[in-house]
Amino acid sequence: MAAAGLEILVRYSVLLFRAWGAGSEPGGPRGTIDCDQNRFRPKLIRNDITGWSVQDWATHLTMERVARMRDTLTVILAGGRGSRLEPLTRDRAKPAVPFGGLYRIIDFVLSNCLNSDMRRLLLLTQYKAQSLDRHINMAWRNYFCRELGEFIDVVPPQQRIAGNWYSGTADAVYQNIYAIEREQPEHIVILAGDHIYKMNYGPMVDHHRKLDADITIGALRVRVDEARQFGVMQTDLDGRVIGFQEKPENPIATPEDPEFCLASMGIYVFNARFLYEQLCADATRMDSDHDFGKNIIPQAIDSHLVCAFPFLDENRKSDAYWRDVGTIDAYYEATMDLISIDPQLNLYDKHWPVRAFQPMLPPPKFVFGSEGISTRRGTAMDSLVCQGAIISGGSVARSVIGPGVRINSYSSVEDSILFDEVNVGRRSRLRRVIVDKGVSIPPETEIGFDPIADAERGFKVTESGLVVISRGELITPHCPAEPATVGQAGV
């Protein structure tokens, strides 16, 4: 069975390899961009492989996988402040914000690395890193074997070079250049730790190595009206980047489709020596923002080989899935998508699993459902309910319920997101509310039905009427009672 499975994998890889190289001629272009399919087809530089057997391919793929793991270091930028996600980022960095009940945002990038056989990781933190550091220790350490050269190291600001905080993405890498050089990589993959998507980085690294490019940029096709939040690039027929603008006011559309641009995903592959040279040179420029998108890449495209590589979406949907969730409303919409009948983000795909910390909690429980015509019935419809949750005579609809949450009798929760260990008191009503970890909602409390009243009570209310309750809020029930203080549990 194992041999048969290997042969199927190898034959699939052969087809994929040939599809990438389809139509190439010796000395011809390296690839083209198919905007309709959001795919860039790189034409690989290779020797004649016509007579290769299955065993030849198995050896080739194994060698490439081993070389990729040995020679490549992955640096994940996970120090984002996430100010637009306040108050969810009041006590944690953006990559540590819970998502989908069980996950943290950082889990998606780390799962991509693990599924891509990228097992040498440096996680650069900065703001409010304790929650993220604890999550890495509990959820991810066991996946990496130090004796085999695998590791995931959380690196706080060292201030070995300068006594200031990171001033840009390039500066964050530059200030940790000693830790990076110590691993002696030939290629360095730089990722953002606060985006949600599924991607195999292996083909991108292999393509970078085959072309001997100086920089390879992950490329995503986005609409022109959305491109102002991205770095926008232009490429020639070979896939070489010939123009790059960081968050332009008037994005340049692709020649094939004037409604779309080719945007940078914030995924970069660098030749290590080239990266060191560029970072050191950029550090001396007083007028630089010390940012990859604003400085390093635009300055390199005229004199070095900078290539684009397509977003190879492992989500297996008709449309490519990539989310920034940089605002409360964007975060809410991405989370609510998970409870739909056919969500855009597939969390149930065994081919590309998303790993997370699995707390030692019992299964969710729903009680008080067998008392005849009584309205005291624990139910959850069109919702995600995590382990340890107890729906005790209350009702949940179109919501995401985190681990250890308790919904008490006659209460209702609609279109809401409840983080871990939230307690909803009897006869309380929540609608379109995000409740942070450890919050205790007093009995007979209504939130989300009157935005003006909610704002007057001190809650965060977005323009769309979404209410966010953070730890430390004072919540006053409708009936006369002592003000209840939200729990102060850890992030």
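Q: Just after H3, which residue takes a positive phi?
A: Asp 117 does, with a phi of about 60° just after H3; helices here are DSSP runs of H or I with at least four residues, strands are DSSP runs of E with at least two, and both are numbered from the N terminus. This is a predicted model, in which local features need pLDDT of at least 70 and side-chain atom pairs count only at pLDDT 80 or more, while totals for chains, interfaces and linings use all residues. Residues are numbered from 1 along each chain as its sequence is written, and side-chain values use heavy atoms, with hydrogens and water left out.

Q: And H3 itself, how many of its residues are buried?
A: H3 is mostly covered, with 10 of its 10 residues buried, where buried means under 20% relative accessible area, exposed means over 50% and partly exposed lies in between, using a 1.4 Å probe on protein chains only. The buried residues include Asp 107, Ser 111 and Asn 112 as well as Phe 108 and Val 109.

Q: Which elements give two or more residues to the largest nonpolar core, and which members touch the most others?
A: That core has 39 residues, and Leu 191, Tyr 197, Met 199 and Tyr 201 touch the most other members; a nonpolar core is a set of buried Ala, Val, Leu, Ile, Met, Phe, Trp, Tyr and Cys residues joined through side-chain atoms within 4.5 Å. The elements that give it two or more residues are helices H3, H4 and H7 together with strands E6, E7, E8, E10 and E13. Apart from it lies another core, of 38 residues, among them Val 75, Ile 180, Phe 292 and Ala 308.

Q: What is Tyr 197 in contact with?
A: Leaving aside neighbours within four places in sequence, Tyr 197 is in contact with Phe 108, Val 109, Asn 112, Leu 191, Met 265, Ile 267, Phe 311, Tyr 321 and Trp 322, with contact taken as heavy atoms within 4.5 Å.

Q: Switching to Asp 133, is it buried or partly exposed?
A: Asp 133, which lies in helix H4, counts as partly exposed because its relative accessibility is 29%. Not counting residues up to four places away in sequence, Asp 133 touches Arg 141 and Val 154. Asp 133 and Val 155 are 22 residues apart in sequence, and their C-alpha atoms are 9.4 Å apart.

Q: And Thr 335, buried or exposed?
A: Thr 335 sits in helix H10, residues 328–337, and counts as buried because its relative accessible area is 0%. Its side chain reaches the backbone oxygen of Tyr 331 at 2.9 Å; a polar contact is a pair of N or O atoms within 3.5 Å, where within protein one must be able to donate a hydrogen and the other to accept it, and residues adjacent in sequence count only if both atoms are side-chain atoms. Beyond four places in sequence, Thr 335 touches Phe 99, Gly 100, Val 400 and Ile 417.

Q: How do H8 and H9 pack?
A: H8, residues 272–283, and H9 pack at an angle of about 115° with their axes 11 Å apart, where axes are lines fitted to C-alpha atoms, for helices over the stretch in contact, and angles run from 0 to 180 degrees between N-to-C directions. Phe 274, Leu 275, Gln 278, Leu 279 and Asp 282 in H8 meet Phe 292, Asn 295, Ile 296 and Ala 300 in H9.

Q: What caps the N-terminal end of H9?
A: Asp 291 does, through a side-chain oxygen that lies 2.9 Å from the backbone nitrogen of Gly 293. Within H9, Gly 293 is buried, as are Phe 292, Asn 295, Ile 296, Ile 297 and Ala 300.

Q: Now strands: what does E11 pair with?
A: E11 pairs in the antiparallel sense with E12, over 5 bridges, and also with E13, over 2 bridges; two strands pair if DSSP finds at least two bridges between them. Gln 234 has Gly 243 in E12 as its bridge partner, while Met 233 has Leu 262 in E13. The hairpin of E11 and E12 has 5 residues between the strands, and there Gly 239 takes a positive phi near 85°. E11 is mostly covered, with 4 of its 5 residues buried.

Q: In what order do the strands of the parallel open sheet run?
A: The 5 strands follow the order E17-E20-E23-E26-E29, with E17 and E29 as the edge strands, each pairing on one side only. E26 and E29 are joined by 2 bridges, and the bridge partner of Arg 429 in E29 is Glu 446.
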